[in-house]
Every structure is written in structure tokens, then in C-alpha cells.
Amino acid sequence: MPNIKVDWNQVSREVAKLGEDIFQKRIKGATDDALDFLKKVEKDVIKLNLQLTAGQITKEEFDDLMSDQKALAKMEALKQKGLTQVAIDQFVNGAIDILVSAAISAIP
Amino acid sequence: MLVSEPLRGLLLAVFLLASCSNIAFYDQAAYANAVDTKVQTLALMNLAVNPYSSQSAEIAGVNLQMQKAYEYDRGRPMNQTTLQMWDVLLKTDPEHPDEGLWPRFLERWRKSGTLSPVFISDKKEHLATAFDAIIALESGKNRS
């Protein structure tokens, strides 16, 4: 039988580094997006209240526009969910590359 | 034995990981559909200062464009998250009355006959944000 030796320590170090890079970037992206979204909502709600007070929009229109905020929050959450799924795929594909390289280099 | 124990484990891990894709790859046509639909929708919304009945052809055109974009994304495997986003934009649901941003706008236009420029401008911002979320997710997907 050929002497096949996989450097598991190296593989786990590389996989851990990959996970750290991808998921730290994802967490930062999600946090930045969430803050931007909240700032946008805050600004929008202030604007809509001013428009309502000034009689530029009706109460019914105001309520409708406020309902939009809930839908937009849902959209933002789905976007973040999707981008996290993308990050998981990046990690999986990167881990496969590391494992395949380890397998190839283990073959004498 | 042709393959040693550690190598077998490694190959098994590779096959298991390879079968775990979560979400569709980036698709240029889907991206273009979302961008085109956004532009056409916002352009149509400007016309809401006119009577709803006078814009029925334009409304039908944009609705058709939306349907095409939706159906294209519906046919892509592992694309449920994007489809859920389209649903929030396009589908009314009595259990979630805040959803269906687009049909709610059309319904208000239809009921009111015309809409004020201020209200249209507010709604355009919201619809643009909704489209931007779909576009951002598509653009963030992995390239195959």
C-alpha cells in the first residue's frame, strides 16, 4: 500500500482561516447594511410625518407608506439571508479546494 | 485497498461538501431583468399623476415585464430567496397586508384615479429600495 500522508493540521488551519475571512466579511457587510437600512427608515419616517403634518399626504397615504416599511424590512432580511447563503457556498467551495489540494499532495 | 483510510475520509468530505450548495449562481439575464423592470416601473409611476384608466396599456406592459422577470427567477434552481423577495414586491397576501408593494400602489392609483406628486415620489423611493434589494442579492451571488 502506498504511504499516503495528509497534513490534517495544515488542512484545518487553512479551512479555519478561510471561514474567518469569509464570515467576518459577511458579518461586517450585514452589520453595515442593517445600519444603513435603519438610518434610511428613520429619515423616511421623519419625512413622512412632516408631509402628513403639512397636509402633503393624507392619513391613508401615510399609513400605506408606513406599511411599506415593514415590507422593505422583510426584503432587507431576505437579502441578508441570501448573501449569507452565498457566503456559506463560498466557504464550502473554498474548503473543497483545500481538501482536494491536500488529497492531491498526499498522493506520492 | 486502493485508497487509504485518511484519503477516503477526505474524498467523502469533498463529496459531502460538494452536494451542499445553498443558492443559485449569479445570472446575467436575471440581473438585467430586475434592472429593466425597476427602470420601467419607476417610469410608469411618474405617470400616476394622470388617470389610471388613461395608462392601462403602459400598466399592462410593466405588469407583463414583471411577470417575465418573476417567471424567469422562478425557473432557476435554488433560487427561493430571490423568489420570496419578488413575492413581497408583487404578491398580495391577506395574512401579510404590508406585502405586495406594487399591487398596493396600483390599487391606490386605480381607486384614487390620480395620485399626488409627493405620494408618487415617496412610493418610488420605496419601490426603488425593494428592487435594489433584489438586484443587490443577484449581484452578490457567486459566479459559476
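**View 1. The buried residues of α5(B) are L101(B), W102(B), F105(B) and W109(B).** Welcome to a predicted model, in which local features need pLDDT of at least 70, side-chain atom pairs count only at pLDDT 80 or more, and totals for chains, interfaces and linings use all residues. Residues are numbered from 1 along each chain as its sequence is written, while chains are lettered from A and ligands numbered from 1 in the order in which they are written. A residue counts as buried if 20 or more other C-beta atoms lie within 10 Å of its own, as exposed if 12 or fewer do, and as partly exposed in between, with C-beta atoms placed from the backbone. An α-helix has 3.6 residues a turn, so residues three or four places apart point the same way. The partners of this buried side are α2 of chain A and, in chain B, α3, α4 and α6. Helices (H or I, at least four residues) and strands (E, at least two) are DSSP runs, numbered from the N terminus.

**View 2. Here is α5(B) from end to end, with the residue that follows it.** The helix has 12 residues and reaches 17 Å from its first C-alpha to its last, close to the 16 Å expected at 1.5 Å a residue. That expected span is 1.5 Å times one less than the number of residues. After the helix comes G113(B), with a positive phi near 85°.

**View 3. α2(B) has a buried side and a face turned away from that side.** Its 19 residues reach 28 Å from first C-alpha to last, close to the 27 Å expected at 1.5 Å a residue. Buried here are A30(B), N33(B), A34(B), T37(B), T41(B) and M45(B). Seen down the axis, they fall within an arc of 95°, so they line one face of α2(B). They pack against α3 (56-74) and α6 of chain B. The face turned away carries the exposed residues Q28(B), A29(B), A43(B) and N46(B).

**View 4. The largest nonpolar core has 32 residues.** Such a core is a set of buried Ala, Val, Leu, Ile, Met, Phe, Trp, Tyr and Cys residues joined through C-beta atoms within 7 Å. Those with the most contacts inside it are M75(A), M85(B), L89(B), L101(B), A130(B) and I134(B). At least two core residues come from each of α2 (59-106) of chain A and α2 (28-46), α4 (80-90), α5 (101-112) and α6 (117-140) of chain B. The most come from α6(B), with eight residues. Which residues is L89(B) in contact with, leaving aside its neighbours within four places in sequence? They are L101(B), W102(B) and A130(B), where contact requires C-beta atoms, placed from the backbone, within 7 Å.

**View 5. Chain A meets chain B through a contact of 36 residues from chain A and 37 residues from chain B.** On the side of chain A that touches chain B, α1 (8-53) and α2 each supply at least two residues. α2(A) gives the most, with 29 residues. This side of chain A divides into 21 nonpolar, six polar and nine charged residues. Ala, Val, Leu, Ile, Met, Phe, Trp, Tyr, Cys and Pro count as nonpolar, Asp, Glu, Lys and Arg as charged, and the others, Gly among them, as polar.

Conventions
Two residues are in contact if their C-beta atoms, placed from the backbone, lie within 7 Å. The arc is that of the directions from the helix axis to the C-beta atoms.
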